[in-house]
Amino acid sequence: MCGYKVHGLNLPSGIWCNDDNILKDEVVKYFKELLSRDGEVRVGSDGDCRTRLSDDARRVLTKPISKIEVYEALMSMKSYKAPGPAGFQRIFFKMFWNDVGDDLWHLVKNAFEMGSFDVATTDTLLVLIPKGDHPTSFTNFRPISLCNVTYKIIAKVLVTRLRPFLNDIISPLQSSFISGRSTKDNAIILQKIIYHMNKKRKKKGDVVFKLDLEKAYDRVDWGFLKQTLIMFGFPTSIISLIMHSLASTLISLLWNGSKTESFTPSCGLRQGDPLSPYLFVLCMERLGEMIQEEVRVGRWLPLQVSANGPTISHLFFADDVLLFAKSKPSKARVINKILDDFCSISGLKVSLDKSRVKVRKTTRRGG
């Protein structure tokens, strides 16, 4: 628990408990259920995304791994971060690169060529970080994955190769984790839209939805992710590598200084895995494409701040979703259907308690 000791919590049943043995069993049960697919996720329709990886990008992703790539991936990591289940910090591999460098290189090289690797490489320790000063339930903790250094090197090499091409396939309406973009850009756009809504006087009203995706990383369905990678044109070997890294994971929680029993998840992305933010961005782009299709056929009427300016239907900030539309009941039904369809195929869930809506009421002329 990284120095944080839990003395008591409300169990999911609502009963307060301060028995550490019971809490330990219950926390494993809670996260095992959270990271397990219940079989209710609907399979989305196959097809291609409007933007796909270029042939050049596919060649870069699958070209032979060089030793310098592995070395640079290792050296980019902070030396004394908490270790994974193997117990080795990055500093060990840095100090003994001359002794272990070739082995690391061959491990990464074979992983990219085969699309798989030793399953022990992805063993993960799950550390629970309290979201506030006084957590009262398991939902008040953020699960952070401590991955083995060997796996992180594989992931970092893949991220380094992929990042330069994300600008080509991810809409400008997503700003998180994309090179050359900043969440500040979307924040400025949002401020402009709110100002516009507050000042303009037209008969037609506007609405903004700020939606929070509950436990977003933990709920991503692996089938949906694989389908997304196929639709974006990822090479088969890279898809195999990504899906193997998820499906082969064995998770143990660190609870009050000791490890719990292990379990195998069946959904979710690891927070702490260098690759996870980029996989999540790709998944969210599916929602963006669903929205853009509704805009294209005229069922979703987006906002337009100025007469000659672009229309804006949505902005994504990591797991926060902003939706913009005309405040009509028919358009609200379209939005609701899109969200229901997306959640049913992705495994994600909107947290209504943490979501907000702002409506600019219609103003009658002369009023």
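A: A cavity here is a set of points on a 1 Å grid, over the protein atoms alone, where a 1.4 Å probe fits but cannot get out. The model is predicted, so to speak of local features a pLDDT of at least 70 is needed and side-chain atom pairs count only at pLDDT 80 or more, while totals for chains, interfaces and linings use all residues. Residues are numbered from 1 along each chain as its sequence is written, and side-chain values use heavy atoms, with hydrogens and water left out.

Two cavities of 30 Å³ or more are present in the structure, volume being the space filled by probe spheres set on the points, which are joined across faces, edges and corners. The largest cavity has a volume of about 130 Å³. Its lining (residues with an atom within 4 Å of a point) consists of 17 residues, and those nearest the centre are L35, S145, I251, L269 and R270. Helix 1 (20–34) and strand 4 (141–147) are the elements that give two or more residues to this lining. Sorted by class, the lining of the largest cavity holds 11 nonpolar, four polar and two charged residues. Nonpolar means Ala, Val, Leu, Ile, Met, Phe, Trp, Tyr, Cys and Pro, charged means Asp, Glu, Lys and Arg, and the others, Gly among them, are polar.

The second largest cavity has a volume of about 40 Å³. Y151, I154, A155, L158, L241, I242, S245 and L275 form its lining. Helix 6 and helix 10 each give this lining at least two residues, and helix 6 has the largest share, with four. Seven of the lining residues of the second largest cavity are nonpolar and one is polar, with no charged residue. Helices are DSSP runs (H or I, at least four residues; strands are E, at least two), numbered from the N terminus.

Helix 6 (residues 149–169) packs against helix 5 (residues 97–114) at an angle of about 60°, and their axes, lines fitted to C-alpha atoms over the stretch in contact, are 10 Å apart. Helix 5 is therefore oblique to helix 6. The crossing of helix 5 with helix 6 is right-handed. On the helix 5 side, L104, L107, V108, A111 and F112 take part, and they meet T150, I153, I154, V157, L158 and R161 of helix 6, contact being heavy atoms within 4.5 Å. Nine residues of this contact are nonpolar, one is polar and one is charged. I154 and L158 belong to this contact and also to the lining of the second largest cavity.

Helix 10 (residues 236–247) meets helix 9 (residues 222–231): their axes come within 10 Å and cross at roughly 165°. The two are therefore roughly antiparallel, a term for angles over 145 degrees. Helix 9 contributes W222, L225, K226, L229 and I230, and helix 10 contributes I239, I242, M243, L246 and A247. The classes in this contact are nine nonpolar, no polar and one charged. I242 is in this contact as well as in the lining of the second largest cavity.

Helix 9 also meets helix 11 (residues 276–297), with axes that come within 10 Å and cross at roughly 80°. Helix 9 is therefore roughly perpendicular to helix 11, the range for that word being 65 to 115 degrees. F224, L225, Q227, T228, L229 and M231 of helix 9 meet L279, L282, C283 and R286 of helix 11. Seven of these residues are nonpolar, two are polar and one is charged.

Technical notes:
Axes are lines fitted to C-alpha atoms, for helices over the stretch in contact, and angles run from 0 to 180 degrees between N-to-C directions. Angles under 35 degrees count as roughly parallel, over 145 as roughly antiparallel, 65 to 115 as roughly perpendicular and the rest as oblique. A crossing is left-handed if the near helix is turned anticlockwise from the far one by less than a right angle, and right-handed if clockwise. On a 1 Å grid over the protein atoms alone, a cavity is a set of points where a 1.4 Å probe fits but cannot get out, and a pocket is an open set with protein on both sides within 12 Å along at least five of seven lines; lining residues have an atom within 4 Å of a point.
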